[in-house]
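Keep the 3D view open as you read.

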Amino acid sequence: MLITYSRGRNIHVMFTGLLQDVIMTITSVRVLVSGWSMYPELFSGDRVLFERLSYRKLLPKRGDVVLTRGDNVPLIKRIVGLPEDTIRSYGGLLSVNDTDMYGLASKHMEYDQEWILGKDEYFLVGDYLERSLDSRSFGPIHYGDIRAKAWLVFWPLNRWRKFDS
């Protein structure tokens, strides 16, 4: 069976596809995960869709996985510290406001450190602390440096899933 479309239908389909591409480019960014700092949440080679609009209306929340920039390289990290929180690393453990964070520990956190976050600062860490370059190394980041919120792992297909909102 041969299906033919009129020329007007073809132009409509092309325009709709182009419009979808423009909207996706404005509202989202696709990132290829390189490295293991977010393991087990993200694997090296995963492709993640980040959406840019959430933080125009809402503030980032603890636990959000976000895209930021570090030395002109995109970084994917989890927010553990919110504005005006006190973050401490001691004896390999990480605490927020004197509460241990989910058993986060790393034998590589050799020095006891403390950060008191400002009104627009966030503290980001990778889920795999042993292999993560994060706020423990470069300090808190400003709200304006958060580029997008993780929305969807879209590749490989066997790992396809949406992130919790």
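**A serine and its surroundings**

A polar atom of the Ser135 side chain lies 2.9 Å from the backbone nitrogen of Leu124. Keep in mind that this is a predicted model. Ser135 belongs to helix α3, which covers residues 135-138. Is Ser135 buried or exposed? Its relative accessible area is 0%, so Ser135 counts as buried. Setting aside neighbours within four places in sequence, the residues in contact with Ser135 are Trp115, Tyr122, Phe123, Leu124 and Pro140.

Now zoom out to the chain. Three helices and 12 strands make up its secondary structure. Of its 165 residues, 38% count as buried. Among contacts between residues at least 6 apart in sequence, 55% join residues at least 24 apart. The accessible surface comes to about 10,600 Å², and carbon and sulfur atoms account for 56% of that.

Next, the interior. In soluble globular proteins, nonpolar side chains tend to be buried together. Here the largest nonpolar core has 13 residues, and Leu42, Val48, Phe50, Ile76 and Phe163 are the ones that touch the most other members. Strands β2 (47-51), β3 (65-70) and β11 each supply at least two residues of this core, with β11 giving the largest share, three residues. For a close look at one member, select Leu42: not counting residues up to four places away in sequence, Leu42 touches Val33, Val48, Ile76, Val153, Arg159, Arg161 and Phe163. A second, separate core of 10 residues includes Val80, Trp115, Val125 and Leu129. Trp115 is also one of the contacts of Ser135.

Trp155 counts as partly exposed because its relative accessibility is 43%. Together with Leu157 and Trp160, Trp155 forms a nonpolar surface patch with about 380 Å² of accessible area.

Charged side chains come next. Side chains of opposite charge can pair when their charged atoms come close. How many salt bridges does the structure hold? There are nine salt bridges. In one of them, Arg78 meets Glu41 with an N to O distance of 3.2 Å. This pair links distant parts of the chain, 37 residues apart: Arg78 is in strand β4 (residues 73-81), and Glu41 is in the loop between β1 (28-32) and β2. Arg78 is buried because its relative accessible area is 17%, whereas Glu41, at 23%, is partly exposed.

Arg88, in strand β5 (residues 86-90), pairs across 10 residues with Asp98 in the loop between β6 (93-96) and β7 (99-105). The closest N and O atoms of Arg88 and Asp98 are 2.4 Å apart. Arg88 is partly exposed at 26% relative accessibility, while Asp98 is exposed at 60%. Arg88 also forms a salt bridge with Glu114, where the closest N and O atoms are 2.6 Å apart. That pair spans 26 residues, from β5 to strand β8 (residues 113-116). Glu114 is partly exposed, with a relative accessible area of 43%. Elsewhere, salt bridges that share partners join Glu41, Arg78, Asp127 and Arg161 into one network.

One last stop is Leu53, in the loop between β2 and α2 (54-57). Leu53 is partly exposed, with a relative accessible area of 42%. Its C-alpha atom is separated by 9.4 Å from that of Arg147, 94 residues apart along the chain.

How values were computed: Residues are numbered from 1 along each chain as its sequence is written. This is a predicted model: local features need pLDDT of at least 70, side-chain atom pairs count only at pLDDT 80 or more; totals for chains, interfaces and linings use all residues. Side-chain values use heavy atoms; hydrogens and water are left out. Patches are made of residues with over 30% relative accessible area and no salt bridge: like charges are joined within 9 Å, nonpolar side chains (Val, Leu, Ile, Met, Phe, Trp, Tyr) within 5 Å. Accessible areas come from the Shrake-Rupley method with a 1.4 Å probe; for residues, only the protein chains shown count as cover. A salt bridge is a side-chain nitrogen of Lys or Arg within 4 Å of a carboxyl oxygen of Asp or Glu. Buried means under 20% relative accessible area, exposed over 50%, partly exposed in between (1.4 Å probe, protein chains only). Helices (H or I, at least four residues) and strands (E, at least two) are DSSP runs, numbered from the N terminus. A polar contact is a pair of N or O atoms within 3.5 Å; within protein, one must be able to donate a hydrogen and the other to accept it, and residues adjacent in sequence count only if both atoms are side-chain atoms. Contact means heavy atoms within 4.5 Å. A nonpolar core is a set of buried Ala, Val, Leu, Ile, Met, Phe, Trp, Tyr and Cys residues joined through side-chain atoms within 4.5 Å.
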